[in-house]
Amino acid sequence: MHLAPILRDHEVVLVLNDAAPLPDFPFARVYRIVHAERDVKVLYNFLESAQILLREDPDIVLSTGAGPAVPFALLARLFTRSRIIFVESAAAVSRATLTGRLMYPLAHRFFYQWDGVARFYPRGEKASVHFG
């Protein structure tokens, strides 16, 4: 599944928690939030997530994890009409990630990329996901 062609006709807002280079894509807006690593900064991510969700009112929250995924999904699930789509890390070959386990009950659609993790996500869908 290639995401860029699917997303190209939609207004796409990107949220990053790292100073990573941006993919070649016409994002409407890009937000950079604090990088949290299972620490108190996660609380700040909840505040940042709330502000962005209020400002953007997204139809869909699509995430590949990890850190900001849970605050965004939880707040979006509780307080917006957004559909939550999560793509488990391609690095999760035989064991579910912590983010995947937290996101599974929050996601309306959940994708995993390897058969080895299918048993952790019985209502998940297998897909190979690429942005380009």
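The model is predicted, so local features are reported only at pLDDT of at least 70 and side-chain atom pairs only at pLDDT 80 or more, whereas totals for chains, interfaces and linings use all residues. Residues are numbered from 1 along each chain as its sequence is written, and side-chain values use heavy atoms, with hydrogens and water left out.

The chain contains four helices and six strands. Helices (H or I, at least four residues) and strands (E, at least two) are DSSP runs, numbered from the N terminus. Read from the N terminus, the order of elements is α-β-β-α-β-α-β-α-β-β. The C-alpha trace spans about 35 × 35 × 30 Å along its principal axes. For 132 residues, a compact globule would have a radius of gyration near 14 Å, and the value for the chain, 14 Å, agrees. The radius is taken over C-alpha atoms, and the globule rule is 2.2 Å times the number of residues to the power 0.38. Of the 132 residues, 39% count as buried; buried means under 20% relative accessible area, exposed over 50%, and partly exposed in between (1.4 Å probe, protein chains only). Contact means heavy atoms within 4.5 Å. Among contacts between residues at least 6 apart in sequence, 40% join residues at least 24 apart.

Helix α2 covers residues 41-56, and its 16 residues should span 22 Å at 1.5 Å a residue; the end C-alpha atoms are 22 Å apart, in agreement. The expected span is 1.5 Å times one less than the number of residues. Buried in α2 are Asn45, Glu48, Ser49, Ile52, Leu53 and Glu56. Seen down the helix axis, these residues fall within an arc of 135°, so they line one face of α2. The arc is that of the directions from the helix axis to the C-beta atoms. On the other side of α2, Leu43, Leu54 and Arg55 are exposed. The buried residues of α2 pack against β1 (13-16), β2 (29-32), β3 (60-63) and α3 (69-79). Just after the helix, Asp57 takes a positive phi of about 45°.

An open sheet is formed by four strands in the order β3-β4-β5-β6, with parallel pairing. Strands β3 and β6 (125-126) stand at the edges with a single partner strand each, so one side of each is left without a neighbour in the sheet. Two strands pair if DSSP finds at least two bridges between them. Four bridges join β3 to β4, and Leu62 stands opposite Ile85 in β4. Strand β4 (residues 83-87) also pairs with β5 (residues 109-112), over three bridges; here the partner of Ile85 is Arg109. Helix α3 packs on the sheet, touching β3 and β4, and its direction makes about 155° with that of β4. Axes are lines fitted to C-alpha atoms, for helices over the stretch in contact, and angles run from 0 to 180 degrees between N-to-C directions. Four of the five residues of β4 are buried.

In α3, the buried residues are Ala69, Val70, Pro71, Phe72, Ala73, Leu75 and Ala76. These residues pack against β1, α2, β3, β4 and α4 (98-103). The loop between α3 and β4 holds Thr80, which is partly exposed, with a relative accessible area of 24%. The C-alpha atoms of Thr80 and Leu53 are separated by 8.0 Å, although the two residues are 27 residues apart along the chain.
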